[in-house]
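This report goes through strand pairing, charged pairs, aromatic rings and a few single residues.

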Amino acid sequence: MTRPRDIAPGGVATQAADAVPGRTGRSFWRSLEELADEPSFRARLEAEFPALAPVMHDVDRRTILKMMGASLTLAGLAGCGSESDEQALPYVNAPESLTVGKPTWYATAVTLNGYAQPVLGKTYAGRPVKLEGNPDHPASLGASDAFTQASLLGLYDPQRSQAPLRMGRPATWGAYDRAAAEMVAANDATGGEGFRLLTGHVTSPTLLRQIGAMRQRWPKAVWHAFEPFDEASRDAALRTLYGRPLAAHYRLDRAQVVVCLDDDLLGPGPRQTLHGRLWAERRHAFQRGHGKSHLMVAESVPSGTGATASERLVAGPRRIAILMQALASAVGTGAASAPAGSAPQGSPPAGLAPAERRWLATATALLQAHRGRCLVTLGVHHDAALHAACIRANQALDNVGQTLSFTDPVGASRGAEPAGLYDLADDAAAGRVHTLAMLDVDPVATAPADIDFGDLMQRIGLRLHAGLHAGATGRLSHWHLPLQHELETWSDARAVDGRASIIQPLVRPFYEVRSRHAILGGWTGRDMPERLLVQETWRAEWGLAFDARWRDALVRGFVEGSEAVGLHVPAPAPPAPPAAGGISVADSPPAGGESGGFDLLFRPDPTIWDGRFHTNAWLQELPKPISKIVWGTALFIAPETAAQLRLTTGDEVRLTAGGRSLTGPIWVNPGQAPRTVAATFGYGRSANADDMGGPTDFPTTGYDAFRLRTRTAPWRLSGVEIEATGRHLKIATTQPNHAMDGYDFVRTVKRGEAVHDGAEPREQPSFYPEKNWDSPSWGMSIDLDTCIGCNACVTACQAENNIPVVGPDLVAMGREMHWLRIDQYYEGDPADPAMHFQPVPCMHCENAPCEMGCPVNAAVHSSDGLNLQVYNRCIGTRTCSSFCPYKVRHFNWFDYTGGDSPPLKAVRNPDVTVRMRGVMEKCTYCVQRISAARIEAKKEGRPIRDGEVRTACQQACPTSAIVFGDVLDPDTAVSRRKADGRDYALLQEVNTRPRTTYLARIEPEDGGS
């Protein structure tokens, strides 16, 4: 049932055939047929590829030819890569013919938790090399996050599944097709009784349509959906309050006061780009004097949102519920949590610690003063009853329809909603599941431990798994089917705002893989090319206007008018009286008075999420926003707890709860609630760094937190015991010291005031000669008041500039290669410190110590103000690194890229030199982008326009914290920022006169920021 693909003229396979001297393509393939008939050919093939021996009896001549054709196709990957799909439309104008060295852009999308992340894909000769946020999409306006940037590497992942597996052994698609035909016939006879389909969260209109067709064909079949990190509690609260499924959307650009209770609103996830952009819009308006911008956070574990907050309260997990109920009561919801005889409405109730009372009083006053212009949010880790109190609080504050809106669920099916994983587990345990088909999910690795999904699978007669990787689930399945990457297939999906994007391929599939649509289509009798399936979905939607709207959707990157529409919902009924034994502020334990073991909190990992990115080397080596740990994780505890247990960072402990245990190293985490342990998901799986582009064979460190997660306590376990094992482990981190220690690396000012209090900094004497710069003269400004430490800039820089992965051993030695880092600092009491983020690229100093110290003049200055590094001049003395006060120069100790596999070589940006060992490298302000803009401007006979050059870090930043441009032109955005009183230079006292400067953070005012 494998569908043939048309090979465009000049495609890779055609080029490989025509490259044989003296033969035409037809005669070359005829010779392969003769070779396949020889008896000795199979013996030689089995000797060369022993893994194929078990399936050689199923391989006929045609299969052998297909396998050799695929090998010839892949042989071209190291050179020009695969060709782009001829049906995909470029973002701007399609060239009449391929121009070597000229990129082509396509509007498409990748997904996270099922939600589309709209992007523009940059390709060279059909080889994707960079993803950028789609500037036309309202949800991102050109920004992106680290997951989106790194998804490009997932396309070239050498550890991707490349062929079907039957019982863990290599198989063919032909063998699967025969097995699938038998399965389809059996389900046709029973109406699908006992057949279950398990997917992740689905927003694809085409996939939803196919699932609907499958359920129509097999009415007794059941569809289940499962995401390890969902919003089930919030969804349940909305359904209870309003009697229908709804989705909540936050308008942070309208919210002058935001109160977050244990909610990492600006943290990693499918909404990070949108939330970061909207929050920054409000923040920029506040900086200009338009309204307020207060962000108040109460949380147990430090997060990016907490580090950004104007006022942060360290609250244990048991205190969050108390604070939420007290806040709801104080703003006038009549919440049942307020006990009889408690303080009057609007006043902090009794039973709270002094710090909690102050925080709650400030939050209540600000919310009441900004009714309709404020927002209260609660983390998805809390139960539905608490989310109902949060929704009622927003309703009482007149926020619904203003800063909080409700729509139909994004990706909702017109049929019944899918059942959950727990329903599937119960049915499997009862023997009601005969066939289980799993699309792009790994429930064996990510299901709660008390389900033991691996054991349940053994009770199912036929198990089918489709995914980019086999994973734990694929290895236990009868059939594992390799999926196409989203950058090599046709599909569609909706973003978090509901807008649908057409996912068009940037390249033909590298391997013998199929799409989710093709696999489902084989079961529903709609075995047709993916593009036609997607077109069929939208043809029914658009009718006669299909052709114009289809082309417009491909060019724009999204379907105009497809966004989720806000719904008018009536206010929910008043809450019922408190039930006997219900929790209240009065009868809750006092702050700090909890007993009975420790609280274990589960959180997504900020770089590998639930483990789905564990083979992505860019994300494994990406420092986590707070700890800066790479290639692993740790168990996070407060300094107070560490002192009580006599533990230090790196000490290994064993956590025990409910008869289960895990071991991992400790990380002492300032700003965390006492008697609380935080664990992140996604690790406990081995990964070979060499296969991922790293120089060493290193299994990632960490633990499998899913081993302690249960269906009744998916986010928090109480009564956890901690026992030291006596071992001490090395944790790789890029920042061993986080304390500011009195230095002014990150400065703060009051709104409207200047860093220097109106006095200009004194010009210091210098031996450097004065230079006269010509316009354009480049510089950068970074606004620390809007940086959320999301790491999008770091990953974008790595993708743009071919920065190598070095592995955890070398990172632990201080030899990381990132050209841009985000330092994270603590200031004040470790129990409750102020936290700051500070991106640090090369400063491009005008008085550059590196240039003075280089003995071979490899560090030089350009006429437009760039501090450059001439690689073929560098002899590796590392003098420049010793002289640099900012430590932004990195020495290439080894040939990190020389042994890369062809797929990893194909991901490199051809505009940037691939560096060899023995040279220094550093940020270049993306000089290749400057050169491209200069060439275009020169051809058109004009100067370079402001904003025409956008560095990779600037383009990815969701909060517009980074601005780049000509510092000699007073009308440019960067010049206006540098003229702001908040502008200052890092380590200004060393008189390097850096081109990269910072805008100071604005101090809180009136109890907020």
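Two strands count as paired if DSSP finds at least two bridges between them. Helices (H or I, at least four residues) and strands (E, at least two) are DSSP runs, numbered from the N terminus. The model is predicted: local features need pLDDT of at least 70, side-chain atom pairs count only at pLDDT 80 or more, and totals for chains, interfaces and linings use all residues. Residues are numbered from 1 along each chain as its sequence is written, and side-chain values use heavy atoms, with hydrogens and water left out.

**Strands and sheet**

Strand β26 (residues 778-783) and β33 run antiparallel and are joined by five bridges. In that pairing, Trp 778 has Asp 966 of β33 as its bridge partner. Buried is used here for under 20% relative accessible area, exposed for over 50%, and partly exposed for values in between (1.4 Å probe, protein chains only). Strand β33 (residues 962-966) is largely enclosed by the rest of the structure, because five of its five residues are buried.

A separate topic is an open sheet of four strands, in the order β11-β10-β9-β12 and with parallel pairing. Its edge strands, β11 (311-314) and β12 (374-378), each pair on one side only. From one strand to the next the twist averages 10°. Axes are lines fitted to C-alpha atoms, for helices over the stretch in contact, and angles run from 0 to 180 degrees between N-to-C directions. Four bridges hold the parallel pair of β10 (residues 294-299) and β11, and Ala 298 has Leu 313 of β11 as its bridge partner.

Helix α11 (residues 317-330) lies across β9 (257-261), β10, β11 and β12, and runs at about 145° to β9. Helix α12 (residues 354-369) packs on the sheet and touches β9, β10, β11 and β12, its direction making about 145° with that of β10.

**Charged pairs**

Side chains of opposite charge can pair when their charged atoms come close. A salt bridge is taken as a side-chain nitrogen of Lys or Arg within 4 Å of a carboxyl oxygen of Asp or Glu. The whole structure holds 50 salt bridges. Three of them are tabulated.

| Salt bridge | N to O distance |
|---|---|
| Arg 209 and Glu 536 | 2.9 Å |
| Arg 432 and Asp 427 | 2.6 Å |
| Glu 940 and Arg 942 | 2.7 Å |

Arg 209 is partly exposed at 31% relative accessible area, and Glu 536 is partly exposed at 26%. In the second pair, Arg 432 is partly exposed at 44%, whereas Asp 427 is buried at 14%. Arg 942 is buried as well, at 18%.

Leaving aside neighbours within four places in sequence, Thr 537 is in contact with Pro 205, Thr 206, Arg 209 and Asp 492.

**Aromatic rings**

Rings of Phe, Tyr and Trp (its six-membered ring) pair if their centres lie within 6.5 Å; planes under 30 degrees apart count as stacked, over 60 as edge-to-face and the rest as tilted. There are 25 aromatic pairs in the whole structure. One of them is the stacked pair of Phe 681 and Phe 706, at 4.3 Å centre to centre with 25° between the planes. Both Phe 681 and Phe 706 lie in the loop between β23 (676-680) and β24 (716-728), so the pair ties together parts that are 25 residues apart in sequence. Phe 681 and Phe 706 are buried. They belong to one aromatic cluster, which also includes Phe 147, Phe 229, Phe 602, Trp 609, Phe 613 and Trp 715.

**A residue in β6**

Leu 197 is in strand β6 (residues 195-199) and is buried, at 0% relative accessibility. Leu 197 and Met 438 are 241 residues apart in sequence, yet 5.9 Å apart in space, C-alpha to C-alpha. Not counting residues up to four places away in sequence, Leu 197 touches several residues, among them Ile 211, Trp 223, Leu 439 and Trp 523.

Note on methods:
Contact = heavy atoms within 4.5 Å.
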